[in-house]
2 protein chains.
Amino acid sequence: MWAVEITEPIMSDKHVFYLGDTSLSGAAGYLAGLMSAFGIGFDYRPSDRAVSASDLKTPRKLFILSDYASKQMPADAQAALLAQVQTGAGLLMIGGWESFHGHGGDWDDTPIARALPVEISGEDDRINCDQPALLIKSADHEIVADLPWEDRPPTVGGFNRFTANPRSETLLIVERFSARYEAGRFQFDPQAQAPMLVVGTHGQGRTAALATDLAPHWVGGLVDWGDGDRITAQAPGSWQIEVGNFYAQFIANLLAWTGQLHHEKLS
Amino acid sequence: MWAVEITEPIMSDKHVFYLGDTSLSGAAGYLAGLMSAFGIGFDYRPSDRAVSASDLKTPRKLFILSDYASKQMPADAQAALLAQVQTGAGLLMIGGWESFHGHGGDWDDTPIARALPVEISGEDDRINCDQPALLIKSADHEIVADLPWEDRPPTVGGFNRFTANPRSETLLIVERFSARYEAGRFQFDPQAQAPMLVVGTHGQGRTAALATDLAPHWVGGLVDWGDGDRITAQAPGSWQIEVGNFYAQFIANLLAWTGQLHHEKLS
């Protein structure tokens, strides 16, 4: 069972407001599909539609921004969202070409940026990896618990380069490799490391910044991370995804912690 | 300059018929964008639209099938396509969940399959790689010439598993690795190898089977393969892509050879 069971009565059955990842017929099919499988109710806003302050006044437990450019969220809308984070809602930004700085994300120097646990670059922060890049668990935390980071570390295809703020906690880092093929075998040489998952707080709310995307192409091998137990899921209005079981568990953990989605089981 | 210059007068200025990869607003943006940048004229058919025998009677230099399920091409349409290959057109199948066998591709035991240089599985042949998989050049050939396979081998995210036919030539193979993280460092252990690019002939036409996709997610790091010289391109009716320069060169080589698109330069 993949349900994130919400055991408290709360104000709306759409606990999550998910903004970005192009559309439900596109990249948003991954996260929307999994939330549907987990039993997490959500409202969705595609990347090409702006959001207003009044849109952000419906009480939520979690806001997810993923490839949703800052120009789509005016200052008063950002203030409305952050007012909810101050009183306990979660805020998760997921990487992509329109996340963090990216190529048109332009979240640096915004109110949302100042609530996140990372420092966003003022320049293009996109790192595209044509050679292996693997994830390393750098701290124990319920988001990264009970997953085979050592025995079966997953790859990613790219990420936004940011730095962790003081008083944040870095749970995952990414290590990039330079690979060469010589005399009939590959050699792998470690290159730079960078923060991959950083968590913090803003008022009473929890915040998280994930540097990679959860959809192709940056998600890389992470989308297939698993031991053969494939998960199929489909959100209303979207298409059927088929992903790895560890990927699904990692996302369940990430949403549950950041959104304080109390649950009896995640198994 | 990325132009594939076609120096002979030929029957149509749409030398290529490209079928599949969902739609021009989706995955087809990659290959369509590059063909536009190369100056290769093409007609396009999305994955959800069938093709008839009469559609396939317009003379072409190259047919590309990528995530285009066999159920969309009736037997008489396959015969019409293959009649052109017999007299010199090229046939390229690119991997994906709806290519080769895949998950609904079901090209095994079809007339098209019998013209390709590989044996297609009768079962689900999809290999999704959550850990590193890298390409190895296994023969010299103009498709793989002048690219840094040894110094900077690219990753892929997955592929269809097929076997090379007798009288074919395997130009690229993929090697999968099991990675572990122990005592502060990664260890990489080679696992299975599989054919990645196989070429052959059918009558006077050239044929090629590429096991990975050229679009996310299976394309993996290959889409960003480059030394920093990023290529932007956009097909009419599609979106702007930004890819690696070696990826673009590899595709230029692949299309030029398979379609016998005579050219003065590819630089």
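**View 1. Helix α1 of chain A and its buried residues.** In this predicted model, the buried residues of α1(A) are A:G29, A:Y30, A:L31, A:A32, A:G33, A:L34, A:M35 and A:F38. Buried means under 20% relative accessible area, exposed over 50%, and partly exposed in between, with a 1.4 Å probe and protein chains only. Eight of the 10 residues of the helix (residues 29–38) are buried, so α1(A) is largely enclosed by the rest of the structure. Helices (H or I, at least four residues) and strands (E, at least two) are DSSP runs, numbered from the N terminus. Just after α1(A), A:G39 has a positive phi of about 80°.

Residues are numbered from 1 along each chain as its sequence is written, and chains are lettered from A and ligands numbered from 1 in the order in which they are written. Local features need pLDDT of at least 70 and side-chain atom pairs count only at pLDDT 80 or more, while totals for chains, interfaces and linings use all residues; side-chain values use heavy atoms, with hydrogens and water left out.

View 2. A:H141 is in the loop between β7 (133–137) and β8 (158–160) of chain A. A:H141 is buried, with a relative accessible area of 15%. Leaving aside neighbours within four places in sequence, A:H141 is in contact (heavy atoms within 4.5 Å) with A:E169, A:L171, A:V199 and A:W257. From A:H141 to A:T170 the C-alpha to C-alpha separation is 9.9 Å, although they are 29 residues apart in sequence. A polar atom of the A:H141 side chain lies 3.1 Å from the backbone nitrogen of A:I143.

View 3. The peptide bond from A:P216 to A:H217 is cis, with omega near 5°; A:H217 is in the loop between β12 (205–210) and β13 (231–233) of chain A. In chain B, the bond from B:P216 to B:H217 is cis, also with omega near 5°. B:D21, in the loop between β1 (16–20) and α1 (29–38) of chain B, is not a glycine but has a positive phi of about 55°. B:D21 is buried, with a relative accessible area of 3%. A:Q260, in the segment after α4 (245–258) of chain A, has a positive phi near 50°.

**View 4. The interface of chain B and chain A.** Here 34 residues of chain B are in contact with 34 residues of chain A. The two chains bury about 3000 Å² between them, 57% of it on carbon and sulfur atoms. Buried area is the accessible area (1.4 Å probe) that two parts lose on being put together, summed over both. In chain B, B:D130, B:Y181 and B:F186 lose the most area to chain A, together 23% of what that side buries. The rule finds six salt bridges across the interface, a salt bridge being a side-chain nitrogen of Lys or Arg within 4 Å of a carboxyl oxygen of Asp or Glu. A:E242 and B:R126 meet in a salt bridge through their side chains (3.1 Å, N to O). The elements giving two or more residues to the side of chain B that touches chain A are β6 (126–128), β7 (133–137), β10 (169–182) and β11 (185–202) of chain B. β10(B) gives the most, with five residues.

**View 5. The two copies superposed.** Chain B can be laid on chain A with an RMSD of 0.0 Å by a turn of 180° and a shift of 0.0 Å along the axis. The two copies are thus related as by a two-fold rotation axis. The superposition is by least squares on the C-alpha atoms of residues with pLDDT of at least 70 in both.

Methods: A polar contact is a pair of N or O atoms within 3.5 Å; within protein, one must be able to donate a hydrogen and the other to accept it, and residues adjacent in sequence count only if both atoms are side-chain atoms.
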